[in-house]
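Colleague: Could you walk me through this model? I would like to learn the words and the rules behind them.

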Amino acid sequence: MITKLNSYALQEDVVEKMKLKIEETRQKKIELGFGLCSMKFVNILKPGIECSGDECSIIRVPGCPTGTYVGGYHTHPEGPAEPSIADLKTAYVNDVECVGSAKEDTIRCFVRIGQRKKQDEKTIISKLKEVAESLPKTIRKEQYDIWKNARDEILTKYFQAVDVK
Ligand SMILES: [Zn+2]
């Protein structure tokens with residue numbers, strides 16, 4: 001089965017690789033991922049350079065041996081397949097970001113709707129600065145609600161969420 005991510009096509013082999021990364025994340029208990037590279041003309045996504053641990057969230061390695069880097073995939077060792085605001089910022093700047101949850105065994109992709117606009121990008125970045133990001137389970141309910149509201153506002157306004165099976 002092919003998952004459509006806007007104009008991109010995510011084929012089964014890449015989905016399998018995403019699932020393997022979830023397995024590996026469970027064993028190693030660290031974040032893992034890889035870049036998503038779009039092949040010219042056909043818009044099929046292929047896996048790019050892999051990352052592990054902090055480099056997945058801090059330094060995004062936009063490496064593509066072939067094709068054009070259009071985003072990435074990374075796992076959440078503890079959390080659900082929901083994006084952080086930082087994940088959405090990355091997804092916005094590129095075209096897509098996929099998240100795999102080792103806890104729930106689910107994969108979701110977040111695809112930017114429409115063209116990238118400087119102004120919208122600034123809005124997302126300022127939200128990110130305004131709402132300090134920490135792991136939802138380590139913060140109080142009201143802080144979590146503030147974070148979640150800000151996140152959901154960005155998510156519904158600029159993104160399409162796609163479940164990957
Ligand atoms: Zn994330």
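Modeller: Gladly; we will go from the overall fold to single residues. This is a predicted model, where local features need pLDDT of at least 70 and side-chain atom pairs count only at pLDDT 80 or more, while totals for chains, interfaces and linings use all residues. Residues are numbered from 1 along each chain as its sequence is written.

Colleague: How many helices and strands does the protein chain have, and what makes a run count as one?

Modeller: The protein chain has five helices and eight strands. Helices are DSSP runs of H or I with at least four residues, strands are runs of E with at least two, and both are numbered from the N terminus. Read from that end, the order is β-β-α-β-β-α-β-α-β-β-α-α-β.

Colleague: Why is the chain called as compact as a globular protein of its length?

Modeller: The globule rule is 2.2 Å times the number of residues to the power 0.38, and the radius of gyration is taken over C-alpha atoms. For 165 residues the rule gives 15 Å, and the radius of gyration of the protein chain is 15 Å, close to that value, so the chain is as compact as a globular protein of that length. Along the principal axes, its C-alpha atoms fill a box of roughly 45 × 40 × 25 Å.

Colleague: What makes Lys29 exposed rather than buried?

Modeller: A residue is buried if 20 or more other C-beta atoms lie within 10 Å of its own, exposed if 12 or fewer, and partly exposed in between, with C-beta atoms placed from the backbone. Lys29 has 10 other C-beta atoms within 10 Å, so it is exposed. Asp105 has 12 within 10 Å, so Asp105 is exposed too. Across the protein chain, 32% of the 165 residues are buried.

Colleague: How do you know that the buried residues of helix α1 line one face?

Modeller: Helix α1 covers residues 12–28, and its buried residues are Val14, Met18, Lys21, Ile22 and Thr25. Seen down the helix axis, they fall within an arc of 105°, so they line one face. That arc is the one of the directions from the helix axis to the C-beta atoms. On the other side, Glu12, Asp13, Glu16, Leu20 and Gln27 are exposed.

Colleague: How does the span of α1 compare with what is expected?

Modeller: The expected span is 1.5 Å times one less than the number of residues. With 17 residues, α1 reaches 24 Å from its first C-alpha to its last, close to the 24 Å expected.

Colleague: How do you know which strands pair with β6?

Modeller: Two strands pair if DSSP finds at least two bridges between them. Strand β5 (residues 68–76) and β6 have six bridges, in the parallel sense, and β6 and β7 (residues 106–112) have six in the antiparallel sense. Strand β6 (residues 96–101) is mostly covered, with five of its six residues buried.
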